[in-house]
Amino acid sequence: MAGGSGRSRRAAAWAAGLGLCAAVLALLAAVLLRAYLLRAPAIPRLWARRGGTAAFSAGERLELKEALRGAIKIPTVSISPEDLNTTAMAEFGNYIQKVFPAVFSSKFIQHEIVGKYSHLFTVQGSNPEMMPYMLLAHMDVVPAPPEGWDFPPFSAAEHEGFIYGRGTLDNKNSAIGILQALEFLLRRSYRPRRSFYVGIGHDEEVHGRKGAMKIAALLEARGVKLSFLLDEGSAILDGIIAGVKKPVAVIAITEKGSMTLNFTVEKEPGHSSFPPKETSIGILAAAMSRLEQNPLRNLFGHGPELMTMEHLAPEFSFPLNLIMSNLWLFSPIVSRVLAWKPSTNALIRTTTAVTMFNAGIKINVVPSSAKATVNFRIHSAEKAAEVLEIVRNTVADDRVKIDVVEAFDPLPVSPWDDQTFGAHIFQRTILDTFPDVDAVVPGTCIGNTDSRHFTNVTNAIYRFNPLLLKSDDLPRIHGLNERISIENYEKQIEFLFQLMKNCDIDELPEPHANSHEL
C-alpha cells in the first residue's frame, strides 16, 4: 500500500512536471513566434523604396540656407498673449514676400493675412475633386536671453555646419522650409493636382488663439475638410530610444491635454516671533508635496504608447525585441521600466509639474497668503475633469483653494492603419528621403501644438518635423544654443518638396509584393 501510494505520487509529480514543461515550451514558442515570424508592419509599404528624390543645385542649397538665416535674425518673440513682438512679426511677413517671389506671384496661390500677423496660403490644385491637405508651422519663438549662448540667439551664426539661433528647431525651420520647398517646385513649372493649404501662425507659443485658431475658424466657415494636417511635434529620433540602434521616424497621432491650476492658501498674517502651528506656506507646501508624492496612475496600454512599442518591436536588439513583441505578457514590467525616466514616464501617465510658488514679503512676517501654480499634461486615456477630481482628493484640504486657469482634453487619436492616406504618404516620403530610416511608427506628442485647433476640419492630424534629432538636440529646444545642421535642414526641404509631389496620387496602390524587404 505504502509503495503503491509513493509510486502514484511520483507519477503525479512527473505528470505535473511534464505539464509545466509543456506550458513553458508553449509559452516560449509563442514568444518566439510573435518576435520573429509575426512581424508584418501595421502600415504595409505600397511603393518600392527610391533614392535621390530631389536634387537641389549648389545655388539652391546656398539660397535655402540664407533664407533660413535671414528669418532667424528676425526676433519674433512671444512672451504672453498680450506681449508679442508684433513689429518683428510684421517684418517676417515682408521678409517671406521678398525671398519667395514665385510663391507670392503664382496665379494659383492665394495669400491671406489672418489675425494681423499669421499667414494662410491656398494652393489651388488642378483637380478639385481631390481632397486637400494642410501643412502647418509657426513663426513665433520663445524668449532667448543671450547669457549662456555660444552665439547671440538672433545672429543666425554659422559654425561647423550648424546654424545657431532661436527658432532653428522650433519652428521657423518648418515655416521657411515649407515655403522654400514650394518655391523650388514652382520654379520647376510644377502645378499640384491636389489642393493644399499652408498655415503659418504667429502666437503658437502662447496658445495660438489669434493665429492658428482664427485660421482654423476661417477654413471651417468656408466648409473646408482636409484629408490630413501635418504640424510639428515629433521627429526622427537617432540614438534616443534605448535599445534601438537605427534612427526611427515617430509621427505623433495625438497630443496630450493640458490643465493649469492655481492653488491658494489664505491665513491671518503675524509676527515670526510667535508663529501659528501652520503657516500658509507650510499648508501649501504640504499640499504640493502630496501631489508630487502621489503621481497619477500609470496608463501604459490605454493609449497610443502601446502601438508605438508594438511597431518598434522589430527594431529593438535582443532580448528587448522579445519583450516588446509580447506586451500581452510583459506589459506590467515594461510599464514600470518606462516610469523610471521622466522622458518615458511622460508617455504613460498624466504628469504633474509644480511650476510656480510665491509667498512671503519679509523675513520676520508670517505671510497672509501663499500661491502655487501646477501644470498637468493629460494622458490620452483621461479627461481634464477626471484629473481635477483626483487632484482635489489628493490635496484633501479645504484650506487650499483650487482655481482652473486653463484646461483642455487630449486630442483625439488620428487614424493609423492600412487605409490611412496620410500615413502611407508620410511613410513613402520618409523612406525615400532618409535612407538610414527603416521604421515609421505612431507616437504621442507630449507638448501642445497649433494643430489642436483644427479638429473641426479633419480627424487626421499628425505631428512630425522631418529632422534627425539626437539626444543632445532635445534640451536645445526652448533652451540654450538651439541649432540646426545645414545638412539636416536640406533634408527637411527635400522631404517637404517630395511630400507635395507624393500627395498628387488619386488613390493608394495595392501593397507591394515584397514590402517586408523594402
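**Starting from one lysine**

Modeller: Gladly! Let's begin with K401, which is exposed, with a relative accessible area of 51%. Here exposed means over 50% relative accessible area, buried means under 20%, and partly exposed lies in between (1.4 Å probe, protein chains only). Please keep in mind that this is a predicted model: local features need pLDDT of at least 70, side-chain atom pairs count only at pLDDT 80 or more, and totals for chains, interfaces and linings use all residues. Residues are numbered from 1 along each chain as its sequence is written, and side-chain values use heavy atoms, with hydrogens and water left out.

K401 has a partner: D403 and K401 form a salt bridge, with their closest N and O atoms 4.0 Å apart. A salt bridge here is a side-chain nitrogen of Lys or Arg within 4 Å of a carboxyl oxygen of Asp or Glu. D403 itself is partly exposed, at 31% relative accessible area.

Now for a link that reaches across the chain. E406 forms a salt bridge with R209, and here the closest N and O atoms are 2.5 Å apart. The two come from distant parts of the chain, 197 residues apart: E406 sits in strand β17 (residues 401–408), while R209 lies in the loop between β8 (196–201) and α6 (212–221). Helices (H or I, at least four residues) and strands (E, at least two) are DSSP runs, numbered from the N terminus. R209 counts as partly exposed, at 37% relative accessibility.

Another such link involves R399, whose side chain meets that of E278 in a salt bridge (2.9 Å, N to O). This pair too joins distant parts of the chain, 121 residues apart: R399 is in the loop between α12 (384–395) and β17, and E278 is in the loop between β13 (270–271) and α7 (280–293). Both ends are partly exposed, R399 at 38% and E278 at 37%.

To put these pairs in context, the structure holds 18 salt bridges. Elsewhere, K65, E66, R69 and E158 are linked in a network of them.

In β11 (residues 248–255), 8 of its 8 residues are buried. This strand runs parallel to β18 (residues 439–445), with 7 bridges between them, and A252 stands opposite G443 in β18. Strands count as paired if DSSP finds at least two bridges between them. β11 is also joined to β10 (residues 236–237), this time antiparallel and by 2 bridges; A249 is the bridge partner of I236.

In α8 (residues 304–312), P304, E305, T308, M309, H311 and L312 are buried. They lie on the same side of α8, because they cover an arc of only 165 degrees around the axis, the arc being that of the directions from the helix axis to the C-beta atoms. Among the elements covering these buried residues are β11, β18, α9 (320–324), α10 (327–338) and α11 (342–348), where contact means heavy atoms within 4.5 Å.

β12 (residues 257–266) runs antiparallel to β16 and is joined to it by 10 bridges, with G257 opposite I378. β14 (residues 351–359) pairs with β16 as well, antiparallel over 8 bridges, and there N358 has K371 as its bridge partner.
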